[in-house]
Structure formats: structure tokens, C-alpha cells
Amino acid sequence: MAEFNLLKEFLQKNSLYSDEIYAKFQTYYDCVTETNKVMNLTAITDEEEFEKKHFLDSLLPFKEFEGAEKVADIGSGAGFPAIPLAIIMPGVSFTLVDSLNKRVTFLNGVTEKLGLKNCSAIHSRAEDFAKTGREKFDAVTARAVAALNVLLEYTSPLCKVGGKIIAYKGAGAEEEIAEAKNAAVALGLKLEKSVDFNLPGGDVRVVPVYKKVRPCDKKYPRGGNKPRTNPIL
């Protein structure tokens, strides 16, 4: 089994560690890397890099999710950040949304193998999911999905008024935040804070946190891939 000492230290430091929780991360790593041999889930398979850039990257902003009961993760891919968060937050319900059915099949299989009763994956595009999931979530998150002004259009319609959009970004996020200022206003959001983290090895992660201050106009999200081809500027 893989050994993730940095992960273990992080869990212990935050009073989250148990042998069962740690074992779930080991099993999750094995599932991703084994499935990755036949399906493209991640370019990162090295144990040390996986620990830093998938596990720790997903977990570092976990306190921003405190108080949320229902969380949506848009464009979940291999399950980051939702599955690591679900492992340490068993009382929070996570809905993972992805547009590729074979990834959804993987996600539902791995959460079942990990015994995560608080996770379910749905095959849908974000703009289609907004038709049934509109303003149902206390927090909405996404990692490595789209530029921030695009991402906010996909996520804001799903978030309850008073809830939060928690975006995972890298170095240079300040420029994206500035470019998304008008989109945030149009979508009923207010930038609450931007939290910086440093991964082991020096990589910078920036997590903008937006509060939903009013209902989002029902014309959003626009269909036909318009959020990407014609983003709110």
C-alpha cells in the first residue's frame, strides 16, 4: 500500500486522523491509478505527487466547507476535491457532477468501494444539472474546470442564497478574480475572501470564496456552451 506521510501529518494536525480514514485514501489512490491504466483520469500517478497535488490540494481549504450540509462538485473528473472532502466530512452530502458517463461510473464505483454513503455521482453537463439542482446546495465547488468568470456561471445557479462558491485555483488567480468581477455581480455573488495555500514543494494554490447574496437570474447558466464561448465580461 502507498504511504502518504504528509497526508497523515495533515490529518493528525487537524484532528481528522483515524486508521480507517487513512486507509480510505490508500484505497482511493489504488483505484484511481489502476483505472487510469485503461481510462484517462489523471496525468499524476506518482505517489508523492498524487499526495501533494490531489489529496492535499483537495483538503487544504476544508474549513471553508464547514457548516454546509449539501455540496455540489462540478466537473468532478477523478473525484477531486469532492471525494477527499467526503472522506473527512462524513456528515456532509456531496453530489459529483461530470459530463462523461464512464467517469461517473468510476466515481460511483469508487465511492461504493470506499463505503462513502455521503457521495453520489450524476452524469450531466453543469448547465443541464442546473434545471434540477437550482439553488439546492449550501456550497458549490470545482477544480481545474474553467476560467473563473465561466466557472461562476456554471456554479452560482446551483448555490442557495447565503451559500458559497469555493473555487480551486493556482498562481495567477488574482487576474482571474479581477476578470470575473462583473460576472460575480451579474450572478448574485460577492467575493468574500481569497485564501492562499502553499503545497509542499512550493506550489501556490488560491481559493476564491464567493457568497451568494441574491438569487441568480434564471437565464443563467446559458446553454449551447455560451459561458465558455461568450463569457460574462
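The model discussed here is predicted. Phe4 is located in the segment that precedes helix 1.

Leaving aside residues up to four places away in sequence, Phe4 is in contact with Tyr22, Phe25, Gln26, Tyr29, Glu47, Glu51 and Phe55. Phe4 and Glu48 lie 44 residues apart along the chain, yet a distance of 7.4 Å separates their C-alpha atoms.

In soluble globular proteins, nonpolar side chains tend to be buried together. In this model the largest nonpolar core comprises 52 residues, and the members that touch the most others are Leu11, Phe25, Phe55, Ile83, Ile88 and Phe94. The element contributing the most to this core is helix 2 (residues 19-35), which supplies seven residues.

When residues up to four places away in sequence are not counted, Phe25 touches Phe4, Leu7, Leu11, Phe55, Leu59, Pro84, Ile87 and Ile88. A further core of 29 residues lies apart from the largest one, and includes Val97, Leu152, Ile165 and Ala167.

## Helix 1 with helix 3

Helix 1 (residues 5-13) and helix 3 (residues 47-59) have axes that come within 10 Å of each other and cross at roughly 15°. Helix 1 is therefore roughly parallel to helix 3, since angles under 35 degrees are placed in that class. The crossing of helix 1 past helix 3 is right-handed.

On the side of helix 1, the contact involves Asn5, Leu6, Leu7, Phe10 and Leu11, which meet Glu51, Lys52, Phe55, Leu56 and Leu59 of helix 3. Classified by type, the residues in the contact of helix 1 with helix 3 are seven nonpolar, one polar and two charged. Glu51 and Phe55 of this contact are also among the residues touched by Phe4.

## Helix 1 with helix 2

Helix 1 packs against helix 2 at an angle of about 145°, and their axes are 11 Å apart. This crossing of helix 1 and helix 2 is likewise described as right-handed.

Leu7, Lys8 and Leu11 represent helix 1 in the contact, and Ile21, Tyr22 and Phe25 represent helix 2. The contact of helix 1 with helix 2 consists of five nonpolar residues and one charged residue, with no polar residues. Leu7 and Leu11 of helix 1 take part here and also in the contact with helix 3.

## Helix 2 with helix 5

The axes of helix 2 and helix 5 (residues 101-114) cross at roughly 150° and come within 10 Å. The two helices are therefore roughly antiparallel to each other, a class that applies to angles over 145 degrees. Helix 2 and helix 5 form a right-handed crossing.

Divided by class, the contact of helix 2 with helix 5 contains six nonpolar, two polar and two charged residues.

## Backbone features in loops

Most residues other than glycine have a negative phi, and most peptide bonds are trans. Several loop positions of this model are to be read against that background.

Ser15, although not a glycine, has a positive phi of about 55°. Ser15 is situated in the loop between helix 1 and helix 2, and at 69% relative accessibility Ser15 counts as exposed. Glu135 also has a positive phi, near 50°. Glu135 belongs to the loop between helix 6 (126-133) and strand 4 (137-143), and Glu135 is partly exposed, its relative accessible area being 28%.

The bond from Phe80 to Pro81 is cis, with omega near 10°, and Pro81 is found in the loop between strand 1 (70-74) and helix 4 (82-88). The bond from Tyr220 to Pro221 is also cis, with omega near -5°; Pro221 lies in the loop joining strand 7 (204-212) and helix 10 (226-229).

Note on methods: Residues are numbered from 1 along each chain as its sequence is written. This is a predicted model: local features need pLDDT of at least 70, side-chain atom pairs count only at pLDDT 80 or more; totals for chains, interfaces and linings use all residues. Side-chain values use heavy atoms; hydrogens and water are left out. Axes are lines fitted to C-alpha atoms, for helices over the stretch in contact, and angles run from 0 to 180 degrees between N-to-C directions. Helices (H or I, at least four residues) and strands (E, at least two) are DSSP runs, numbered from the N terminus. Angles under 35 degrees count as roughly parallel, over 145 as roughly antiparallel, 65 to 115 as roughly perpendicular and the rest as oblique. A crossing is left-handed if the near helix is turned anticlockwise from the far one by less than a right angle, and right-handed if clockwise. Contact means heavy atoms within 4.5 Å. Ala, Val, Leu, Ile, Met, Phe, Trp, Tyr, Cys and Pro count as nonpolar, Asp, Glu, Lys and Arg as charged, and the others, Gly among them, as polar. A nonpolar core is a set of buried Ala, Val, Leu, Ile, Met, Phe, Trp, Tyr and Cys residues joined through side-chain atoms within 4.5 Å. Buried means under 20% relative accessible area, exposed over 50%, partly exposed in between (1.4 Å probe, protein chains only).
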